[in-house]
Amino acid sequence: ILKLQFLYFIGFQKKKEKKKKNTLVTKSMSRMSKMCVGLLLAAGYSAGQQACNGMDCQAVEQPLQLGIQKCTKAGGCQKDGETYITMDANWRWLQHEDTYTNCWDQYKMWVNPDCSSAADQQKCAQNCMLEGVDYGKYGVTSDGTSMTMKFKGPDGNIGSRLYMLEQKAEAKARGASKADPSSWEYKTFNLLNKEFSFTVEAPKLSCGINGPIYFVEMNKDGDMDGTYNSAGPLYGTGYCDAQCPGDMHFVKGRANIPIQNAQGGGADSAWHACCNEIDLWEANNVSTAVTPHPCEANGTDVTGTYACPNGADKCRETCDHAGCDFASYRLQYYSGGMNGAKVNFYGNGLKVDASKPVTVVTQFVTDDGTDTGKLKEMRRVYVQDGKVIQNMNATVAGNTHDSITDGFCKDQANTFDDKVQHFSAKGGMAATGDSFTRGMVLVFSLWDDKEAHMLWLDGKYPQNASDSTPGAVRGTCGPNEGPPMQPEQNYADVTTSYGNLKYGEIGSTFP
């Protein structure tokens, strides 16, 4: 039960505490801030505050505008309403509504007395509030048609995760304020028998860093209920993915306070949020992958207490964590006889040149060629320097593939990994496509991997595998290259930019 009260104005003097995700602060209320809060209460909004710079009380959460176009072959591409991006709730300051002190600190711990044990899930959720963010401090900027994300923001914040959202049609019709969280919802997509394209530029995105754009089946209302979660999409609530993350501060209305492992192996998150995921683009300048991850559940599945305790693997019962990836370096290395010298498709200076802007097109082909058919294939096309580049061919299990199909996924599973058909067991392409019929939310992210060091994307994984192990080599990066093994501060100039976002009929978004 989640009361993520939305924060409109904060008139506090601020003492910053640098951290990687949430910039957590200690505050003392000023007279001006009390006046701001009073005005908002009089206007009928929920109590809550947002950071002010001294006595200069600023406006609340203001998502950045980022447009997208909807295309048809006959009519071309037209702007698809007014769309915006907002920061995930985990990156926001979380404060206690009465004491204005941290509920969550930079060491990823609940620190408020109201959040001291798993039994406090409801009380903690009721008494902790989210704050709006200054996007510039996270290194996120937008000119309305393209967006840039910096790996290290000016204030030292590392990485970010953003979602596309829009005002509800009925809210716009009645002239609702953009400051009212209840007027917002995540923009959802159904791309069956359609394609999605974007232009990405990330020449300095090197080993250990990933700049993905993807879809997840999170709820379009961000799990907002108006009582315990009055923050909703405007404040980036409700995230889930096929990795079943346990680090979300709140999941389905519950404060995610760690609980003691039933096996006595330490603390584990109380809740894990699992849902279908389609990775359109996971990439740096070494390697790239497109990967569907089907799940058994529809929408956000809260897997429950002890969902993934130490020593157990219950989350794998819900989603295909690894997914069925068409990874350029991995497949070309294997198809070329375990010879890295034959890898020439994607990377700096290669056929698809990662040092230059490139338009990435993903097509979702149905079995009957209609919008109501079952998904049977995911195709990839690139456009660079005015030239259309078809996807590479890969030979796996004696069969040649250039797209993701159930047949490709079965061949890859039988050749790579553990030979277990996780993808098909979770419903394969059909289940992946079914998630579109319920609506999927667009996600942008920039991050480093403190557990596997991103080697599953750009290096050898698992690390102890032989170079001759089928599928183990996914790139040229070593285990000590890039963050977090190298200081994250050294990557302040690393950025990724996304623009020219389009979707529509197959063949309508690119020349």
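Two strands are said to pair if DSSP finds at least two bridges between them, and the legends below use the word in that sense for this predicted model.

**View 1. The protein as a whole, with its helices, strands and buried residues.** The predicted model contains 8 helices and 34 strands, and buried residues account for 58% of its 511 residues. Of the contacts between residues at least 6 apart in sequence, 71% join residues that are at least 24 apart. The accessible surface of the protein amounts to about 19,500 Å², and carbon and sulfur atoms contribute 48% of that area.

View 2. Strand S34 covers residues 495-505, and because 8 of its 11 residues are buried, it is largely enclosed by the rest of the structure. Strand S4, residues 69-72, runs parallel to S34 and is joined to it by 3 bridges, with Lys70 standing opposite Tyr503 of S34. Strand S10, residues 146-150, pairs with S34 in the antiparallel sense over 5 bridges, and the bridge partner of Lys150 in S34 is Thr495. Strand S14, residues 194-201, is likewise antiparallel to S34, the two pairing over 7 bridges, and Thr199 is found opposite Gly499 of S34.

View 3. One joins Cys103 to Cys128 with an S to S distance of 2.1 Å, and its angle of -95 degrees about the S-S bond makes the link left-handed. This pair connects distant parts of the chain, since Cys103 sits in the loop between strand S7 (94-96) and helix H2 (121-127) whereas Cys128 belongs to strand S8 (residues 128-130), 25 residues apart. Cys103 and Cys128 are both buried. The other disulfide joins Cys115 to Cys124, again with an S to S distance of 2.1 Å, and with 85 degrees about the S-S bond this link is right-handed. Both Cys115 and Cys124 are buried.

**View 4. The disulfide Cys240-Cys275.** The sulfur atoms of Cys240 and Cys275 lie 2.1 Å apart and form a disulfide, which is right-handed, with 95 degrees about the S-S bond. Distant parts of the chain are linked here: Cys240 is in the loop between strand S16 (213-216) and strand S17 (250-251), and Cys275 is in the loop between S21 and strand S22 (277-283), 35 residues apart. Cys240 and Cys275 are each buried.

**View 5. His272 and the backbone oxygen of Cys244.** His272 is located in the loop between strand S20 (267-268) and strand S21 (273-274). Its relative accessible area is 7%, and His272 is therefore buried, the cut-off being under 20%. A polar atom of the His272 side chain lies 3.1 Å from the backbone oxygen of Cys244.

Key
Residues numbered from 1 in each chain as written. Predicted model: local features only at pLDDT ≥ 70, side-chain atom pairs only at ≥ 80, totals over all residues. Heavy atoms only, no water. Helix = DSSP H or I, 4+ residues; strand = E, 2+ residues; numbered from the N terminus. Buried < 20%, exposed > 50% of the residue type's maximum accessible area, 1.4 Å probe, protein only. Contact = heavy atoms within 4.5 Å. Areas by Shrake-Rupley, 256 points an atom, 1.4 Å probe, with all protein chains shown as cover. Polar contact = N/O pair within 3.5 Å; in protein donor to acceptor, adjacent residues only side chain to side chain. Disulfide = S-S within 2.5 Å.
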